[in-house]
Amino acid sequence: MALAYALAYPATKFEPAGLVDLSSKTERERLSSSALKGFFNLVTKWHVRDEDARELLGGISSSAFYEWKKTPNRLLDVDRITRISFLVGIYKALHIIYGDKLADEWVSLPNKNAIFAGRTPLQYMLSGGLIGMQTVRKLLDARRGGR
């Protein structure tokens, strides 16, 4: 019993936000349009080629990509909302860690971190898909938190 008490979290006033239930169509409807608008703004600031942007979304056709860009009011599936969420988190973390210019260039710069093996973070995310995006997000959150 003493061990369980010793390992308990300390009392805090922090209340974590509830998880968004992405299996809920209503939640995805609420998030999809703003997620797509944010995604297109983000890839513009990062100067990501359309071909690579399509791959970041999970590999969609050119026609679908341009239709989504023109009319972002649509329902996204869980995978695409999750991908966009990781990318927005990466964008936010970069802008907390670095000035705007470096933050927007960072994904396209070769990186000496062992995770990237000399590749750019964008190349890493393109080859690693969702897991690659999650890894970059965790790396930047750790840097941001001083870990």
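**View 1. Helix α5 from end to end.** Helix α5 covers residues 78-97, and at 1.5 Å a residue its 20 residues should span 28 Å. The end C-alpha atoms are 28 Å apart, which agrees. The expected span here is 1.5 Å times one less than the number of residues in the helix. Helices are DSSP runs of H or I with at least four residues, strands are runs of E with at least two, and both are numbered from the N terminus. This is a predicted model, in which local features need pLDDT of at least 70, side-chain atom pairs count only at pLDDT 80 or more, and totals for chains, interfaces and linings use all residues. Residues are numbered from 1 along each chain as its sequence is written, and side-chain values use heavy atoms, with hydrogens and water left out.

**View 2. The whole protein, for orientation.** The protein has seven helices and zero strands. From the N terminus the order of elements is α-α-α-α-α-α-α. Along the principal axes, the C-alpha atoms fill a box of roughly 60 × 40 × 25 Å. Of the 147 residues, 33% count as buried. Buried means under 20% relative accessible area, exposed means over 50%, and partly exposed lies in between (1.4 Å probe, protein chains only). The accessible surface comes to about 9,300 Å². Carbon and sulfur atoms hold 57% of that surface. These areas come from the Shrake-Rupley method with a 1.4 Å probe; for residues, only the protein chains shown count as cover. Contact means heavy atoms within 4.5 Å. Among contacts between residues at least 6 apart in sequence, 58% join residues at least 24 apart.

**View 3. The buried residues of α5.** Which residues of α5 are buried? They are Arg80, Ile81, Arg83, Ile84, Phe86, Leu87, Gly89, Ile90, Ala93 and Leu94. These residues pack against α2 (25-45), α3 (50-56), α4 (62-70), α6 (100-105) and α7 (121-144).

**View 4. Where α5 meets α7.** Two packed helices are described by the angle between their axes and the distance between the axes. The axes of α5 and α7 come within 9 Å and cross at roughly 35 degrees. Axes are lines fitted to C-alpha atoms, for helices over the stretch in contact, and angles run from 0 to 180 degrees between N-to-C directions. The crossing of α5 and α7 is left-handed. That term applies if the near helix is turned anticlockwise from the far one by less than a right angle; clockwise is right-handed. On the α5 side, the contact includes Asp79, Arg83, Phe86, Ile90 and Ile97. On the α7 side, Met125, Leu130, Met133, Arg137 and Arg144 are among the residues taking part. The residues of this contact divide into 12 nonpolar, five polar and six charged. Ala, Val, Leu, Ile, Met, Phe, Trp, Tyr, Cys and Pro count as nonpolar, Asp, Glu, Lys and Arg as charged, and the others, Gly among them, as polar.

View 5. Arg80 lies in helix α5. With a relative accessible area of 16%, Arg80 is buried. Residues up to four places away in sequence aside, Arg80 touches Leu57, Gly58, Gly59, Ile60 and Trp68. Ala93 also has its place in α5. Ala93 is buried, at a relative accessible area of 1%. Beyond its neighbours within four places in sequence, Ala93 is in contact with Leu140, Asp141 and Arg144. Ala93 and Pro16 are 77 residues apart in sequence, and their C-alpha atoms are 19 Å apart in space.

View 6. Is Asp52 buried or exposed? Asp52 counts as buried, because its relative accessibility is 14%. Asp52 sits in helix α3. Neighbours within four places in sequence aside, Asp52 is in contact with Leu122 and Leu126. Ser127 belongs to helix α7. Ser127 is exposed, with a relative accessible area of 53%. The C-alpha atoms of Ser127 and Glu55 are separated by 9.3 Å, and the two residues are 72 apart along the chain.

**View 7. Two loop residues with positive phi.** Most residues other than glycine have a negative phi. His47 is not a glycine, yet has a positive phi of about 60 degrees. His47 lies in the loop between α2 and α3 and is exposed at 69% relative accessibility. Ala117 has a positive phi too, near 55 degrees. Ala117 is in the loop between α6 and α7. Its relative accessible area is 61%, so Ala117 is exposed.
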